[in-house]
Amino acid sequence: MIRIVIAEDQKMLLGALSSLLDLEEDMTVVGSAANGEDVVTLVREQKPDVCIMDIEMPKKSGLDAAEELKGESDCKFMILTTFARSGYFQRAVKAGVNAYMLKDSPSEELASAIRSVMNGRRIYAPELVDEFYSPQNPLTDRESEVLKLMSEGKSTKEIANQLYLTNGTVRNYISSILEKLEVSNRIEAITVFKEKGWS
């Protein structure tokens, strides 16, 4: 019997997934969680064979949970999400996630993916594998930090104060960000950064 833990913050979907997998003769859902912190605890307590997680959840993301549990559990991790972002996928692969599936996949694919993962295979959504070979985040850590503060609506002066930099230095960082992302303004830079899942 394959023992499964599910983490999903949308209650209706969580219930539907549990019911769906409990119908399979060789599977049983041994626990469910609505946030990333609870799923870490649950995996440590229940020691399931498979843990299916969403990415964006309260308290801790599915990727944070997978990274935290990496290496300390024999559990196989599967990401089930609406986000087809190359940045998320790259993090998932680095965290050793066994499957990355999108929520618009047919429901019968989930059970067969679980069995495949239990047999040692990795299952990745084809559109993400294509994107995986797209460029990595070209920004330095400091530039990413400046862009994050820009996305929070902070002005050049506020960013400078928060990072203990001069206004001129922040302006230089912003110019560099726009050039590297090949965009003409802050809004476009923020959009590109988020779409790629680099944020």
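Biologist: What kind of crossing does α3 make as it passes α4?

Modeller: In this predicted model, α3 passes α4 in a left-handed crossing.

Biologist: Why are α3 and α4 called roughly parallel to each other?

Modeller: The axes of α3 (residues 62-69) and α4 (residues 86-94) cross at roughly 15° and come within 9 Å. Angles under 35 degrees count as roughly parallel, therefore α3 and α4 are described that way.

Biologist: Which residues in α3 and α4 meet?

Modeller: From α3 there are Leu63, Asp64 and Glu67, and they meet Tyr88, Arg91 and Ala92 in α4. By class, this contact of α3 with α4 has three nonpolar and three charged residues, and no polar ones.

Biologist: What makes the phi of Tyr164 worth a remark?

Modeller: Phi of Tyr164 is positive, about 55°, although Tyr164 is not a glycine. Tyr164 lies in the loop between α8 (156-163) and α9 (167-180).

Biologist: How do you know whether Tyr164 is buried or exposed?

Modeller: The relative accessible area of Tyr164 is 76%. Exposed means over 50%, so Tyr164 is exposed.

Biologist: Where is Glu182 found, and what is its phi?

Modeller: Glu182 sits in the loop between α9 and α10 (186-195). Its phi is near 55°, a positive value in a residue other than glycine.

How values were computed. Residues numbered from 1 in each chain as written. Predicted model: local features only at pLDDT ≥ 70, side-chain atom pairs only at ≥ 80, totals over all residues. Heavy atoms only, no water. Axes fitted to C-alpha atoms, helices over the stretch in contact; angles between N-to-C directions. Helix = DSSP H or I, 4+ residues; strand = E, 2+ residues; numbered from the N terminus. Parallel < 35°, antiparallel > 145°, perpendicular 65-115°, else oblique. Left-handed = near helix turned anticlockwise from the far one by under 90°. Contact = heavy atoms within 4.5 Å. Nonpolar A, V, L, I, M, F, W, Y, C, P; charged D, E, K, R; others polar. Buried < 20%, exposed > 50% of the residue type's maximum accessible area, 1.4 Å probe, protein only.
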